[in-house]
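Keep the 3D view open and follow along.

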Amino acid sequence: MKKIIVSLICLVLWLYSNQPATALVSDCIALYGESKYKKGFRAFDYVNADAPQGGKIVMPAYGTFDNFNPYIFKGVAATFVNSLSFETLGFSPIDDPFTVYPLLAEKFDFPEDKSYIGFILNPEAKFSDGSAVLADDVIFSFKAITEKGAPIYRLYYADVDRVEKINEREVRFYFKKGVENKELPLILSQFVIFSAKDWQGKDFAKPRLEVPLGSGPYKVSDFQVNKYVELKKNSDYWGKNLPARRGFFNFETIRYDYYQDTTVTLQALFSGDIDVREEYIAKIWMTGYDNDLVKSGKVKKENLEHHNPATLQNFAFNLRRKKFADRRVRQALDLAFNFEWANAKLFYGQYKRLSGYFTNTEMEADGVPQGREKEILSAYKDRLRPEIFTEPFRQTFYEDINNPRENLKKAVSLLKQAGYDFVDGKMVYLEDGTPLEIEILGNTANGSSFTKVMLPFIENLRKIGIKAVFRNVEVNIFKNRLDNFDFDMAIISYPVSALPGNEQREYWGSESADIKGSNNLIGIKNPVVDDLIKGLVAAQKKEDYVAYVKALDRVLKSENYMIFQWYSSYDRVAYLDKFGQPDADKKIGFQPYLWWVKEN
């Protein structure tokens, strides 16, 4: 077969063939079918490609920071610097998440036998000091992240056998023999590229307040630890006319001011200390903006719709604690959480209850398994709970929000089945006499108002003999305790990808359960879950992929690893009336890097 140059459309990444491996060169990587955008497109549909340039935006950040490297285990990084000062090899847009378009890489090459993915670098790509981005920088970055970064990255990129320099501007990542990981080329396009020269003589594993050299649109111009970080646009930014960058990053200056509590930033907005804030507390959204600034229109208040997967906000159990080993205990605690009361009394009915791990996507499992999903699950029938095949998953529900009696009776019954009973008013494990006591960990960035959500939950637990305390700690303490799995239960939010893939191994896979700093905070070790993750990662057809994700969702839900909280299908945002943003009908939610300062 002759070497094929793909120019008009982006071909499907992996081809079935018994022919010898033939390199294909493409303008993008499409995992399933054709890409949405064809060669020569000017910009993505959801941006304003002709947005005015200049001006400044000030936004809040929460907690602390002590370094600018988000890939390491130690310290707390100013993570937004990653997306503003550094570039990746490719970019996947909101409206075509299954495709990678060029950034640092101008072209992509891959063989029919799926043995590697190659990145051909754009000859215009430069770091902010004017030096070229070369294959050596890509290789250095990958090795630094996987060898000296947080331990979880070794797992995340574990299917890479080796990385090889083909020439000055081309690098290939070869996959381990027998690996079926369709998403791997996409995730390899998404780690940031550091300058190998800039890191000479420096320890990548240590927190660093000297800002690393980047190739992105902004450079850090000023900062004060735990106070603020200010970034200025790089006037010589090489990629400003790329289709994947046109319409992005329109401000001359972006500044983040640090706060310890989200509620404090409301007054910061009204006083003009910040320009925009996202509201996380329903009550404040309904009652906290009744003033002349909002009434006069000087401060805008908007619900920005989106089609994003719902953030997986939950009370996570730490399965490393013996008291949570029995699923019936976890079910009992779930029954004590009265979401309907909180939504009516505290949230003004603004939220919906999460119903799974992939809520608000086509990949959420509902009803009973059908078709390909049922076929996949049937292979594990002897290892799954029988009700998975016969009963739809049903979330805990309070018919009478003011009367928890029925749900608490069910909770006590489950606890007794698990070996507990009342002893002197306490719920005690009869085998060793240990009372059931729980610490629920939160962090101050959630705001003090979260305590109001916790009080009725804790009271319901008290009624069934369980002593629970809610501990709201500073963000850095919260992170440290999670990193070291030092908690009973914790309020955790998992971002959910529009394209669930390799990150699922980090969230729920057995291999990550004992790696400190991993996102498998729950400590899940379930062989069926491991197999389903392998299946969705390896799926070659979209139909199979969706079926595997649904099967994973269904199995995870059946084990009650977490108590689901809530979500909204829009972002609540208030801002000074000096900004423009893409049309609301694009339904992309809050995307401040696509905003601009209005000309007048």
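## Enclosed spaces

Six cavities of 30 Å³ or more are found in the structure. A cavity is a set of points on a 1 Å grid over the protein atoms alone where a 1.4 Å probe fits but cannot get out, and lining residues have an atom within 4 Å of a point. Rolling a probe the size of a water molecule over the atoms shows where empty space is left. The model is a predicted one, in which local features need pLDDT of at least 70 and side-chain atom pairs count only at pLDDT 80 or more, while totals for chains, interfaces and linings use all residues. Residues are numbered from 1 along each chain as its sequence is written, and side-chain values use heavy atoms, leaving out hydrogens and water.

How big is the volume of the largest cavity? The largest cavity has about 100 Å³, where a volume is the space filled by probe spheres set on the grid points, joined across faces, edges and corners. Its lining includes L304, E305, K587 and W595. By class, the lining of this cavity has five nonpolar, three polar and three charged residues. Here Ala, Val, Leu, Ile, Met, Phe, Trp, Tyr, Cys and Pro count as nonpolar, Asp, Glu, Lys and Arg as charged, and the others, Gly among them, as polar.

A pocket is an open set of grid points with protein on both sides within 12 Å along at least five of seven lines. This pocket is lined by 26 residues, and Q331, F393, R394, Q395 and T396 lie nearest its centre. Helix 8 (327–335), helix 11 (387–390), helix 12 (405–417) and helix 17 (542–558) each give two or more residues to the lining. Helices (H or I, at least four residues) and strands (E, at least two) are DSSP runs, numbered from the N terminus. The lining divides into eight nonpolar, seven polar and 11 charged residues.

Now find N407 in helix 12. Is N407 buried or exposed? N407 is buried, with a relative accessible area of 8%; buried means under 20%, exposed over 50% and partly exposed in between, using a 1.4 Å probe and protein chains only. Not counting residues up to four places away in sequence, N407 touches L335, T396, F397 and Y398, where contact means heavy atoms within 4.5 Å.

Five strands form an open sheet in the order 22-21-23-16-24, with mixed pairing. Two strands pair if DSSP finds at least two bridges between them. Strand 22 (467–473) and strand 24 (562–564) are at the edges with a single partner strand each, so one side of each has no neighbour in the sheet. Strand 16 (residues 312–317) and strand 23 (residues 489–494) are antiparallel, paired over six bridges, and F315 has I491 as its bridge partner in strand 23.

Another open sheet has three strands in the order 3-6-5, with antiparallel pairing. Strand 5 pairs with strand 6 (residues 99–102) over two bridges, and G90 has P102 as its bridge partner in strand 6.

Strand 11 (residues 218–224) and strand 12 (residues 228–233) run antiparallel, joined by six bridges. D222 has E230 as its bridge partner in strand 12. The hairpin of these strands has three residues between them, and N226 takes a positive phi near 65 degrees.
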